[in-house]
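The following note comments on one structure, point by point. Please read it with the sequence and the model at hand.

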Amino acid sequence: MQYIDLGKTGLKVSRFGLGCMRFPKDENEAIQMVRYAVDHGVNYLDTAYMYRDSEDITGNALKDGYRNKVIVATKNPTWKIEKHGDFEKYLDLQLQRLGTDYIDMYLLHNMSHDNWQKVKQLDGFTFLDKMLQKGKILHKGFSFHGTLSAFQEVVDSFDWELALI
């Protein structure tokens, strides 16, 4: 397996990561898939709050010492945030689902226009910095589906470590 630098994080991740959005319906098969990937050098797992049962299944797959072998990325459901405290409420739920004390790479999900306005209005930036200080997340980023000009605005607004496009 080849390993590359992940954004500005200083992390080395496998060139091939495992996207955990569409697992098989059989949880045991999904767990076997995750462990097979990790056993063969994949160390980057990407999931999100909204990916069906992905965080729960990923958390179950990472038991028995597998958590220490991987870099876990997950994404905050920004469209569900109604007040500043909701950011941490959802992060805590994600930590529970994943069965871990910290997230290696935490992203604000889908910085579309509406989600981006909400992040600015409810100060998602302070949330990320506080979670870094608390050790609940190790690195901060965002995912994006939009235009170049909107992307430039998001990138230039904060000291991000990763953009997932």
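Predicted model: local features only at pLDDT ≥ 70, side-chain atom pairs only at ≥ 80, totals over all residues.

Where is the place of H145?

1. H145 is found in the loop between β7 and α6, the latter covering residues 148-156. Its relative accessible area is 53%. Residues count as exposed when this value is over 50%, and H145 is therefore exposed. Between H145 and K80 there are 65 residues of separation in sequence, and their C-alpha atoms are 17 Å apart in space.

2. The sheet. Six strands form an open sheet in the order β3-β4-β5-β6-β7-β8, and the pairing is parallel. The edges are held by β3 (18-19) and β8 (162-164); each has a single partner strand, so one side of each has no neighbour in the sheet. As background, strands of a sheet pair through backbone hydrogen bonds, in either a parallel or an antiparallel manner.

3. The pair β6 and β7. Strand β6 (residues 103-108) and strand β7 (residues 137-143) run parallel and are joined by five bridges.

4. Helix α5 lies across β6 and β7, and its direction makes an angle of about 155 degrees with β7.

5. The helices α3 and α5. The axis of α3 comes within 9 Å of the axis of helix α5 (residues 124-134), and the two cross at roughly 45 degrees. That angle makes α3 oblique to α5. The crossing of α3 and α5 is right-handed. On the α3 side the contact involves H84, F87, E88 and L91, which meet G124, T126, F127, K130, M131 and K134 of α5. Sorted by class, this contact of α3 with α5 has four nonpolar, three polar and three charged residues.

6. The helices α2 and α3. Which angle do the axes of helix α2 (residues 54-61) and helix α3 (residues 84-98) make where they cross? They cross at roughly 45 degrees and come within 7 Å. The helices α2 and α3 are therefore oblique to each other. E55, D56, T58 and G59 of α2 make the contact with Q94, R97 and L98 of α3. By class, the contact of α2 with α3 has one nonpolar, three polar and three charged residues.

Key
Residues numbered from 1 in each chain as written. Heavy atoms only, no water. Axes fitted to C-alpha atoms, helices over the stretch in contact; angles between N-to-C directions. Helix = DSSP H or I, 4+ residues; strand = E, 2+ residues; numbered from the N terminus. Parallel < 35°, antiparallel > 145°, perpendicular 65-115°, else oblique. Contact = heavy atoms within 4.5 Å. Nonpolar A, V, L, I, M, F, W, Y, C, P; charged D, E, K, R; others polar. Left-handed = near helix turned anticlockwise from the far one by under 90°. Pairing = 2+ DSSP bridges. Buried < 20%, exposed > 50% of the residue type's maximum accessible area, 1.4 Å probe, protein only.
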